[in-house]
Amino acid sequence: ILTADLNQCKTIITFKDTQTAKRCRFCQQKLTDKNRVNWIQLSEKEKEKEKQKEEQEEKKEEDGKKEKKLSEIYMELSTVQTMIDVCNDETFCVMNATKCSRYCHPCGHPCNGTLDEVEH
């Protein structure tokens, strides 16, 4: 969207800001410090939820493979280079980040495949 305010020259400033701004890799929303996901904070928040859930219901033992907790996944994502440019939209972007490949191609672009993908 291009708007022209000849008195304040906002068109040029807005265009340059939009052109160079970092964007969420899932929804393409412009990233700021306020809307960029903080994986560590999200992990701590999820740990509290998991702790409350465990206290409310009896612990069930499962046979076979144990599924990773969401708080552990968030903590892993805090160390992954390809997950830096993600916004804090928990309904779409954060959930996609947990299922998306963490691989970074040699050219520097993140792989948009699935988490369990073998070939990139």
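**View 1. What lines the second largest pocket.** By class, the lining splits into 4 nonpolar, 6 polar and 3 charged residues (Ala, Val, Leu, Ile, Met, Phe, Trp, Tyr, Cys and Pro count as nonpolar; Asp, Glu, Lys and Arg as charged; the others, Gly among them, as polar). The volume of this pocket is about 240 Å³. Of its 13 lining residues, the closest to the centre are Gln81, Thr82, Asp85, Gly108 and Pro110. On a 1 Å grid over the protein atoms alone, a pocket is an open set of points where a 1.4 Å probe fits, with protein on both sides within 12 Å along at least five of seven lines, and lining residues have an atom within 4 Å of a point. A volume is the space filled by probe spheres set on the points, which are joined across faces, edges and corners.

The model is predicted: local features need pLDDT of at least 70, side-chain atom pairs 80 or more, while totals for chains, interfaces and linings use all residues. Numbering runs from 1 along each chain as its sequence is written, and side-chain values use heavy atoms, leaving out hydrogens and water.

**View 2. Asp85 and Arg36.** These two form a salt bridge, closest N and O atoms 2.9 Å apart (a side-chain nitrogen of Lys or Arg within 4 Å of a carboxyl oxygen of Asp or Glu). They sit 49 residues apart in the chain.

View 3. Glu76 instead has a salt bridge with Lys68, at 2.2 Å between the closest N and O atoms.

Terms used:
Helices (H or I, at least four residues) and strands (E, at least two) are DSSP runs, numbered from the N terminus.
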